[in-house]
Amino acid sequence: MPCRTLAAIAMSTAFLISGGTCAFSQSPASPGARPWMNASLSPDARADLVIKELTLAEKIQLVHGIGWGPLREGAGVPPDNNGGAGEVLGIPRLGIPSLQQADSAVGVRMAAPESRYATLLPSVLGAAASWDPEAAHLYGDVIGRELRAEGYNQSIGGGVNLARDPRNGRLFEYPGEDPVLAGTTVGNLIAGVESNNIMGDIKHYAVNDQETGRTVVDARLGHKAMHESDLLAFEIGIRIGHPSSVMCSYNKVNGDWSCENDYLLNKVLKGEWKFPGFVVSDWEATHTTVKAALAGLDQQQPGEEYFGKPLMEAVQNGQVPMSRLDDMVHRLLRSMFAAGVIDHPSTPRFVVDPFKGRDDAQHIAEESIVLLRNEHNILPLQPASLKSIAVIGAHADMGVMSGGGSAQVDAPGGNAISPGTPTQWGQAVYFPSAPLKYIREHAPGAQVRFDPGTDPSAAAALAAQSDVAIVFADQYMSEGGDAPTLALPNNQDALVAAVAKANPRTVVVLITGNPVSMPWIDQVGGVMEAWYPGVAGGQAIANLLFGTVNPSGKLPITFAKSEADLPHARVFGMTYNTANGGLPEHWIAEEKKSTFPADLTEGVRFGYKWFDSEGKQPLFPFGFGLSYTSYRYSDLHVDGAAKSATLTVENTGQRPGTETAEVYVQLPKASGENFRRLAGWDRVTLAPGERKTVTIRMEPLALATWQEGTESWSWEPGSYTFSAGSSSRDLPLTVKADVR
Ligand code: BGC
């Protein structure tokens, strides 16, 4: 960990460093002097040995942040600050380093102010679309190794909020609508982060499923439904990833703020799941001292209004027992020991390897892009038969869009569409991986011309003169707001329609944070969903368009035809109340410092479960994705006791490919459920003509129901129906079995 220069230290009078030296200039003392440095002891024992040495003031110092720090101009920055969103000062006299927390949802944030570089990965939603736990692990590995190279010791990424509403502004940071796929993806991602001796995090706990009025919305949902949906994603993610911390969210859940919600924090997280790490508040999501401390919050971020002096006084006057403060500190220290950040501190010695980062990002992007439509095999494009290609829209001549907010990664060289300009909050940032360049490389003999797409008739004219038109359409999304509708913004539906009318050999490449509606779907030849594809997005998209890579991604989220088909036609709080001067409900609540309810009456029935149980036809179903080859499924067998399914997949086409075989379950009648649940899957790589029999482990909790009476999971008696195939709506194989 670097010490800042003397000048920086002199400027920062607000932070005094014990012993007049910075945290990492001390040589580690011998284990005899510091018995907690004995690595053969358990993290818990080591934490307790440190706690014995701590003064009350030091304990308090460990349970809150240093303020807004580098996030806010003018805020104090301690000398050892590493430039991340959060810092907790360490205890140098005992060799406990400061906690240097970095936002890192899709790559390390805020590299530019420190003149560093960080890899932009594809959306987490894209990682989920790969259905590949290894890709998710690699995703976390990229983040972990770059955090380490840059001197951080904790990631505060790990978003796993479910896509209850496909208009949620942060869906690109989250792994989709299914709790098992989402939990598995984020759990492996966190494990990848932690494989670098970096502390991982999972967030935003819980039911923080919309951005509209996120600090004033009260999400209301029964305990059973919560356990079988939002909480299940966290439970699986924590089980697989062992994150050091859980970040509690801004919203209320059933009337209590998440960060002082006894049910969520004490009862479920620390009680039922026995989570040994610490609960950190989202930034300014702490509302009280005593209530929050007793309800299970362990660390306030970013400041100390509640967990600084007021907590010290509450401990001194007995409102918060010392044992509870010790528990908070224990949870932090044991997590630091367990993750290895004390034994193996990150000392920035290297420049991040941008080439390895780009290769890894490209690999994940190539597994994540989903081919949604391919009429008359318009794709893959055959360069030999193409004399002219029109590339249209979305700045495809300059780069690919990225998602915003605290997940924003800084683009090398600045925003590719306005080079040299710094990244601004709320402004779409493009990364310099221009699809046009890579399309040209794949089709050296063709005339490839670009039209910006701002004038649909000009774009249509170019398309009419070209053998094929590739229209790029994008949608900027960021934390703090949701999409008002499912429609593509900026007149892009009209653009696609005009181009497709001029040339039916039109392929649409979507670069979006969220699912979008496609009123032009029947007019176009092909559609690819590339999410935000990351720093090598242009290369990855071109490789799929031309078949260098065979698409294998499958949707981790349902694409609806229109808002009318969703459980709620409007996002909660976006409703306008004429009695209140026509302002949206969330504004009123924010203004009046009150709350508004989000009654999640759909319970667990959102996404594909909603469409299936309501008998509605989606635009594209969950789990769907095409390939340039074809597959046949056969021989499904289920072992109910082992909770595993065996099936055979055959590649019946002409190209090698990777198929994700999906297994769904319909619970026995007693469950009252009239929809299937995703139970398990496997990615199967097959040469043409090859067949493989695979055994798929099913998630036991996907087969279970949460009982409110006993507050525990159980498996219903009776016959379960298992189905397997290539999507939630294409399940050629079915068997019945009991589950014990
Ligand atoms: C976001 C968190 C983020 C934090 C720190 C909050 O606004 O909700 O996800 O980690 O800011 O930047």
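Predicted model: local features only at pLDDT ≥ 70, side-chain atom pairs only at ≥ 80, totals over all residues.
A polar contact here is a pair of N or O atoms within 3.5 Å.

Start with aspartate 282. One of its polar side-chain atoms lies 2.7 Å from an oxygen atom of the ligand, so the pair falls within the 3.5 Å limit for a polar contact. Arginine 170 also reaches the ligand: a polar atom of its side chain is 2.8 Å from a ligand oxygen. For aspartate 103, the distance between a side-chain N or O atom and an oxygen of the ligand is 2.5 Å. The protein buries 94% of the 310 Å² that the ligand exposes when taken alone.

Now widen the view. The ligand sits in the largest pocket. Around the ligand are 14 residues. The closest are Asp103, Arg170, His204, Asp282 and Glu479. Sorted by class, this shell holds 7 charged, 5 nonpolar and 2 polar residues.

Four strands form an open sheet, in the order β8-β7-β5-β20. The pairing is mixed. Strands β8 (256-257) and β20 (596-599) stand at the edges. Each has a single partner strand, so one side of each is left without a neighbour in the sheet.

Follow β20 to its partner. Strand β5, residues 217-220, pairs with β20 in the parallel sense. The two strands share 4 bridges. Within this sheet, aspartate 218 has proline 597 of β20 as its bridge partner.

How values were computed
Residues numbered from 1 in each chain as written. Heavy atoms only, no water. Near = heavy atom within 4 Å. Polar contact = N/O pair within 3.5 Å; in protein donor to acceptor, adjacent residues only side chain to side chain. Areas by Shrake-Rupley, 256 points an atom, 1.4 Å probe, with all protein chains shown as cover. 1 Å grid on protein atoms, 1.4 Å probe; cavity = no way out; pocket = protein on both sides within 12 Å on 5 of 7 lines; lining within 4 Å. Sits in = over half its atoms within 2 Å of the grid points. Nonpolar A, V, L, I, M, F, W, Y, C, P; charged D, E, K, R; others polar. Pairing = 2+ DSSP bridges.
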